[in-house]
Structures are given as structure tokens and as C-alpha cells.
Amino acid sequence: MPADVLYRVRNLSVDYNTRFGPLTAADRVSLDIHRGEVLGLVGESGCGKSTLGKALMRMVQPPGYITSGELWFDGQDLMTLSDRQMRDVRGRRIAMVFQDPMTSLNPVQSILDHITETILTHEKQTKIKDAEARAAELVDRLGITARRLDDYPHQLSGGMRQRVMISLALTLQADLVIADEATTSLDVIVEAQFLDMLRALRQEFNLTILLITHNIGVVAELSDRVAVMYAAKLVELGDVREVFGNPQHPYTQGLMKSVPNIKLQDYELYKMEGSPPDLIVPPAGCRFHPRCPHVMEICSQHEPGFLSHQPDHYTACWIYDPHDEALPRQAVTSDQA
Amino acid sequence: MNQTDNIIEVYNLKKYFPLRESFLDNLLSRERQYVRAVDGVSFSIRRGEVFGLVGESGSGKTTVGRLVLRLEEPTEGEILMDGVNLGQLGDKELRRERRRMQAIFQDPFASLNPRMTIGDGIGHGVRIHLIQDMIASGEINRGEVNTKVRAIVEDMMERVGLTPAGFLYDKFPHQLSGGQRQRAVIARALITTPELVLADEPIAMADVSVRVLLLDLMIRLQREFNLTYLYITHDLATAKYICERIAIMYLGRIVEIGALPKVYGKPLHPYTQALLEAVPVPDPEFRRQAPMPKGEIPDAINPPSGCRFHPRCPIARENCAADEPELRELEPGHFVACHYSEQFL
């Protein structure tokens, strides 16, 4: 594994058992998260992006199960760890920030207690005094005055609660922060302040961030690379300027044309027909083929491989994969993603 | 203002919600506190336009919408519909006027009765409002009511894209997708042929691709039925694609109002400028450079004195803390409530 890869995910699949049969919410997903990068993960609701984020922390709860895959985090396959070892990875090495900080924070615990508890749980030797000093310093760094440390979550505004969540991720200097719709409940100005703060923090703490969101604008604002997910599969991955500026997959192309852009003088949006498929019985071949404006015969029969057609730009689409109509080759999952 | 042009006129509208008092507050006869959700708002909506009311959470935009529909009694101020003061109408007259207004809210699942089929849900208003008139006028007799209702409902379902209508008619809300549910809500709102539709975050719960389809549908229906929309949203980017005029709210007040291309092209209020700057653009080449105002919206119990934005305003001067600015027309049809906006003209 190259030194700049912090997290290498290979063929990760997650199933949920439902009344109507198993539903595959992440289907053989492979991707690398580079050290120090912000990787955006975008997709519409139900595409599996949150499931993928949880699976990276092995936090998928029944009726969901990781059915296959390797999770190489910093040279170690997390799938081989015991629950106890895994608990130490969570929080200390990988931290998660969720959409709704009100439900992630303990309502009867002060901000100070949240942070010191986090420190003391993972660092048994640290003295309470030192932990409190660290908490004060950190909270101050995030723009919350020290006198608010004794406040309870309900006394803080939404933006401040989300800062507290980030501070919990930073106290232990986690290598990877997974932010799942972390800005979605915030108002635009507060969201912009939060993005500014993340930008500053990533320099200072050398953070690696996986930014999971449906908001294309937030990803464009902060990410270095972006992965696009559709119906439990990755369909495109690459540099954010490349993927958003020159999208290859027809789904990404449609998505980019249908996102409102306040800076453009254009008042028309592209209408993508149809809706995402039922994941219990997904379409055969490429899952986007029933909605694809460029659909070919092979698309409904064989799944396209997730291949690099330009350096560091991966796409799962038959358009870019020369194939013999008579003898379509088997889909392959690239190992370099 | 030309009376006949405006379907709605709002003058100095206020809504104060009293805070819950404790026993101790009563005992010590402390002064009662109020959340000033809407605090002196005036605007008018022209017939046939899409009027946007935009603001962050807590700005009072939703309360204004509810006041206009008279779902809420104003603390102060007047709302005129076609020149008639809704506050002076009796219950019966108000109910008649209400037929001309309908609402679409954010969560279609919460708006639909889970135990009523889609068709029955949409047709409910038909049975209440239209059928009586039809029977009275002799257009149909009582025996034909069910067939007639079904025909009207299926026609409306076709128009909002709930197809095949005959098939979806007997489905329940949970059997539909989110986009279809919102279409059902739209169909139900339009079936009584309203003139004014309050749309409060109608697409906020939908995904990008569904949003576009819903926006497109709303615009098409507006032309087809000659509707006026009061469109309430926090999403400035999508507002651009539907609103013709727009009002920006901050802490219970309107800070700027005008034609959308004017307001977006040349925002005159520092708050509007910050708001527009803050919206993330789906293009990595356009990363925001401008700094954001510090802090968040203060609470509406004790709003700042003078201009409510002054503690966060980059161009605030001394008198901003004392003098509350009124809306001034700096360009034809473009109003702003700021003492120092001339510099942005």
C-alpha cells in the first residue's frame, strides 16, 4: 500500500435484511482515501453513502451486515480486529461527525464533560486537570469562549453544537474524520463559517476528511477529490475539478446540470427523468441504464468495470470501455481505484 | 400602489409569541417576555407572480406565511386580499376567502392522511367545496357524485404527473415515493382552484433530480392555472429558478425586497450580500474568498437595538445601533432597509 494512502477499501459490500429480502446498500465498493485529503462522497438519498461511511468505522448495525470486503486502515485490516480493538480505533483513529449534533451529544452532560470523557476514555493515564486544560484550549481554537464549557448542548446554537462535535473528533487527534451531512442542518452563513473552520483545521491538524453529503456545492467548496455514488455503486471518482468540470459518467453529467448554481446567469435546470432504482431488485447490467440518455445494448446485460480512462479519474461506464458487442467481456473491478 | 394589481397587501405585520412563564415569574410579576417572530413587515404580492420570502431559520418567514393564510392571528398589522381586510371578516366569510388560498408544506408525508388513499385525499376538497356548487347549479345529480369526483381527481393527477392516475388513485401515501407524495400534495392544493398558493419549503426534502422536476411542475401549473405563489425558502439557489420578486428577512424584518435579478445581481443590504456569498457553488473553480459575518442570528426575544444586523455588519456605524432603518426605494422597485446602502448602487 503506498504511503500516501490512509484508508484502502476493497470490494466492500453491506447488506440489510428487509422484509422483502436482502438489500445491498453498498455493492463491492473500492476506493482509497489519501493522507491529508478531503474526499467528497456525493449521491442522492438512499444511494448508500451513509452506509458506506458507517461501514468504514464498522458501525453498521443489524439488520445491516458487512458481507465482504477489506478495510485497510493505515496498514491494518479493520475486518480482522476484535470488537474491543475496534472500539479503540473509533474515536482515537477515526472520528465521525453526524448531521444532527443534538442527538449525538448527551443532553445531561456539559460540553467540558463531553470532551474530558472522550480524552479519559482513550487515555487512561491522563489527569483530569490536564484533560480539562486541553478541552479549554481546543474549544477556544474552535471559536467558542471558555465560559461556555459548562453549558449543556441545548444552550448552544446549532453551529456551536457542530463545533463541539468537531472538537470531540480533534481532541484525540483522529487521523480520519468522517463527516456525514455535517453541515446539512446549518444555515448558509453558519455553514460557510463551518467550512472555513474545517479548511483552517485541516492545515493545522493535518486532517484527512471524508465528506459525505448530498450538497454538491459543499463538496466543490472543500474537497480535493470526489466520489459519486449511485444505487450502491461508485460510478465516478477523481479530482473534484475534473469530475465536476468534466464529468464522464452520464449520471454525474445529469447531476451537475440539475444542481442549482447561484452564480450562473442561467435560469434553466436539466431534468433527469426517472428515479433511482429499488435496491432489492436492482436493474441488471449498469444500474443507471434505465435512465441513461446514452444507453447501449451492453448496458442492460453486463456491469461496467470501474476503470481509469484518464489518469486518476475512474468511471464505471461502457461508453469509455471499448468492448466487442458480440462478446462483451466480464465486468472487472479495478484494484487501483 | 395600484390596488387592482396586488392580490395580497401586508401592512406593518407583527406576531409576538409569549414565552412560557414560570410560577415564580407570576409571583414576582416580572414583565412578560415575547418572541418577536415577525416585527413590522410590509409587502405586497402581485397577481400572477412568484413572490419569494427568503431567510435563515428563525427569521420569521414561515410565520409570515401562516399569517397571510390566517392560520395564525397577527398581534398587529393588516393583511388585505384583493383589498379586503381578512382580519375583519367573520368565520363564514373567512372560510369562503380561504378557498382562494392553499398551502404546500415541506414534508409531504406529514401532510397526507396515512389512512386515506391518494385519490380520496386529493378529492376531499372537491367533495367539500365544489360538488355542492355543482349540485346546486344542476350540473350533476347526487347519484353521479362519486363518478364526478373521481373524474376530476384523475384529471388533476394527470396534470401533476401522478400517472397512471387510475392505478395510483387507490394507493396509500406510504406506497408512493417522496416525489410522488409531494405531487399528490400539490394536486390536493390545486384541485379547489385556488388563486394564491403558499409554498413553504416545498422541495426541501427532495433530492436534486426530484427537485428539478417539482420546480418545473410548479412553474408549469402556475401558468396553466394562473396562480400566484408565496414561495418561502431558505435555499437561495433554488429560489433563483422560480421567484420573480424576492424579499430577504432577518430577525422578523424585511431587509431587502425587489425583482430577483436585481437583488441577486446587485444586493444592497450587507446581510443579503453575505447570504448570497455564503451559498456554496457547485463549481470548484468558484471557491468563496469573502469572509463571513461573525456569529449567528441573535434570538428574537431581545433583538439588537437599531438595525438588527448591526452587531454583525461590516459597514455598521455608530447610529446603526440607535436608528432602525426603514425600507427605502434606492432603485425603481428595489427597496433596502439600511442607512448606508448607497455605496453599493
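This is a predicted model: local features need pLDDT of at least 70, side-chain atom pairs count only at pLDDT 80 or more; totals for chains, interfaces and linings use all residues.
Contact here means heavy atoms within 4.5 Å.

**Chain B as a whole.** Select chain B, which holds 12 helices and 12 strands. The radius of gyration of chain B is 22 Å, close to the 20 Å that the globule rule gives for 345 residues, so the chain is as compact as a globular protein of that length. Its C-alpha trace spans about 75 × 60 × 45 Å along the principal axes.

Next, display the open sheet of eight strands in chain B, whose order is S6-S7-S8-S3-S9-S10-S12-S11 and whose pairing is mixed. Select residues 101-104 and 328-331 of chain B: these are strands S6 and S11, which stand at the edges with a single partner strand each, so one side of each has no neighbour in the sheet. From one strand to the next, the twist averages 20 degrees.

**A pair of strands.** Strands of a sheet pair through backbone hydrogen bonds, either parallel or antiparallel. Select residues 253-259 (S10) and 334-336 (S12) of chain B, which pair in the antiparallel sense over two bridges. Within this pair, Ile257(B) stands opposite Phe335(B) of S12(B).

**A helix across the sheet.** Finally, select residues 270-278 of chain B. Which strands does helix H12 of chain B lie across? Helix H12(B) lies across S9 (245-250) and S10 of chain B, and runs at about 100 degrees to S9(B).

Notes
Residues are numbered from 1 along each chain as its sequence is written. Chains are lettered from A and ligands numbered from 1 in the order in which they are written. Side-chain values use heavy atoms; hydrogens and water are left out. Two strands pair if DSSP finds at least two bridges between them. Helices (H or I, at least four residues) and strands (E, at least two) are DSSP runs, numbered from the N terminus. Axes are lines fitted to C-alpha atoms, for helices over the stretch in contact, and angles run from 0 to 180 degrees between N-to-C directions. The radius of gyration is taken over C-alpha atoms; the globule rule is 2.2 Å times the number of residues to the power 0.38.
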